[in-house]
Amino acid sequence: MSKKIIYSLVGLAVIFFIGSLLIFLKSGKEAKTKEPGILTQDNVREEVQVQELIKFKIFFLTEESRWMRPVQYEIERPVVREELYRRFIELLLTGKENYIVPVPGGVKLRTLFYMEKKQMLVLDFTEELATNFPAGTDTELEFIYFIVDNICFNFKEVKMVKFLISGNEYKTLTGHIDMENPFYPDFKFFRQDDL
Amino acid sequence: MRNKLALLALSVILIPLSLFSLSLNIRAFDHPGFTRVVFEGDRGFEFHVGKFKTELEIQLKEKAEPGNTITTFSRSSLVEKVVHRVANNRSVFKVHLKSSFKVNRNFVLERPFRVVFDLVKSEEKEADSEPVTAPPTPTAENKPPEQQEQETVQEEKEKQTDSEDKPEEPGVFKRRAAIETICIDPGHGGTDLGAVGSLKIAEKDITLKVGKKLKQLIMSRMGLHVVMTRENDNEVSLNSRVSIANNNKAQIFVSIHVNSSYRKSARGSETFFVSLKATDQDAFQLSEKENKAFEGLNDVGEDDELKMILWDMAQNEYIKESSKLAEFIQEELNVLLSTRNRGVKQAPFRVLMRAAMPAVLVEIAFLSNPHEQNKLQEDSFLDNVARAVYTGISRYINYHNSVFR
């Protein structure tokens, strides 16, 4: 066999090898982008895709009435359910002008999780909930049922709500209502006509 | 290798644990349609159950503390006493029943470890000795007959439905002792100021003043024994408050508080009794859920434990009486005080939950309301509050005597 033929065969083999390598790498890259992303705190917002608008009716305290009064909200429904709950809690904590938000100043939601089997939403608030809470039976009831009733009214899948503060269970907020057990809604602050 | 290491680690943990003596707490209380007996250990234990005509015997494979005791249950309609004797370093608990009975359900719960028996009165003639299968621990392989559970579910539903209306008929109330001891609980104290008004008036001071005035009225006019959860400006935990009432066998528990609201305009007095989500209206529904949960004993989870806790709460037995006491006190507050009537309400108050007696929490007025804050500074207003609560209590005692005696 002449040298020319040998060189040509080696050249073709090299070209074939490089071509195969490029095709392999390209297909690998494509396959990688098709893998479902794992939701973490960093990329959760990227994964959340706006699909539709969702309407809420949130009840706030007012100075004039013992009933909480409804306010209509409309937000974009995220794909992740927990994200929807988180946005809803933010609406509760932010409140609305001329309405009373029965939550102490500085309180933020640390984290939340939904326990599907128990249909229970667990809310973990920051330490300010304990340290800034103004003592009183009605202040405790107003806070608890403002959160619980609004959540259970707007999310039918949530049957009860449990509160944590900085990841821990608290016996009471200021010595009245038992906080160790989850709360069922009672809607006693909601007027029948407003539902 | 990994399994062997796990076994070794487990035995290292379990062997020292087994050396500690077992401490057992026994409870028995009536529920609509059945009586629940609970053996609560500070750790798990193995046992065998024997059923006799009017006795239920629980044999342990070890000795429990305290040994050789008799626990009586005067308030139970079915359980008379539990006798504990130690033989061959093993404990035997004999539950003496007032009549022949049937084991409606028996099951085991963990955290804390509890062996629970639901007993119902039985009219049928039964064999003198009828062995009962010990309920399985969550790790045991043996299961109690599911058939027995399913049979009793329907029975219990019927009994509960029947018993729901009973308290409305005075004739069928069980007999109870005359009221001799009342526990007054002035809310907060010490570093726990409670609500604080804009004039820096602390709830803890008002509750103590009213508590003392109320004590004086009850002792001087009724001649009854009054136990105070605190008589000075000291901090008392919520658990200690109810323990004081339970340990002194108080028959009425009145907790005095001053309210506060996010709404400055909120005003008036309120009287609360506890809501457990296992109140009479919910009891049947809860029982149904509970029955479903026990269809598969291995599925007993935290949620079922929660329901068990609710059932276990001593106040469950006194809901109707607490409601009556609250109603009388609130009516008197409405008459004597010129404050807005906010009525009788229910809420899961921690201090009321484990009270083994009719128990209410009175919110005199709102410290967050400027007008009512001024009133709360007047001694005459606090006198009126004490008088109103006193009259409410005395009306309840008359009611109690006419119905239960």
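Before going on, the ground rules. This is a predicted model, in which local features need pLDDT of at least 70 and side-chain atom pairs count only at pLDDT 80 or more, while totals for chains, interfaces and linings use all residues. Residues are numbered from 1 along each chain as its sequence is written, chains are lettered from A and ligands numbered from 1 in the order in which they are written, and side-chain values use heavy atoms, with hydrogens and water left out.

Chain B first. Its secondary structure comes to ten helices and 17 strands; these are DSSP runs numbered from the N terminus, helices being H or I with at least four residues and strands E with at least two. Of the 405 residues in chain B, 52% are buried, meaning under 20% relative accessible area, against over 50% for exposed and in between for partly exposed, with a 1.4 Å probe and protein chains only. Among contacts in chain B with a separation of 6 or more, 73% join residues 24 or more positions apart; contact means heavy atoms within 4.5 Å.

Ile397(B) sits in helix 10, residues 379–404, and counts as buried because its relative accessibility is 9%. Beyond its neighbours within four places in sequence, Ile397(B) contacts Ile179(B), Ile182(B), Met222(B), Leu224(B) and Ile252(B). Glu180(B) is 217 residues away from Ile397(B) in sequence, yet 9.9 Å away C-alpha to C-alpha.

Arg241(B) is in helix 4, residues 238–247. With a relative accessible area of 3%, Arg241(B) is buried. Leaving aside neighbours within four places in sequence, its contacts include Asp185(B), His188(B), Arg230(B) and Phe253(B).

Asp30(B) belongs to strand 1, residues 22–31, and is buried at 11% relative accessibility. Its C-alpha lies 8.3 Å from that of Arg75(B), 45 residues apart along the chain.

Now chain A. Why is strand 5, residues 160–165, largely enclosed by the rest of the structure? Because six of its six residues are buried. Met160(A), Lys162(A) and Leu164(A) point one way, Val161(A), Phe163(A) and Ile165(A) the other. In a regular strand, side chains alternate between the two faces of the sheet. Strand 5 of chain A pairs in the parallel sense with strand 4, residues 120–125, over six bridges; pairing requires at least two bridges found by DSSP. Asp124(A) has Leu164(A) as its bridge partner in strand 5.
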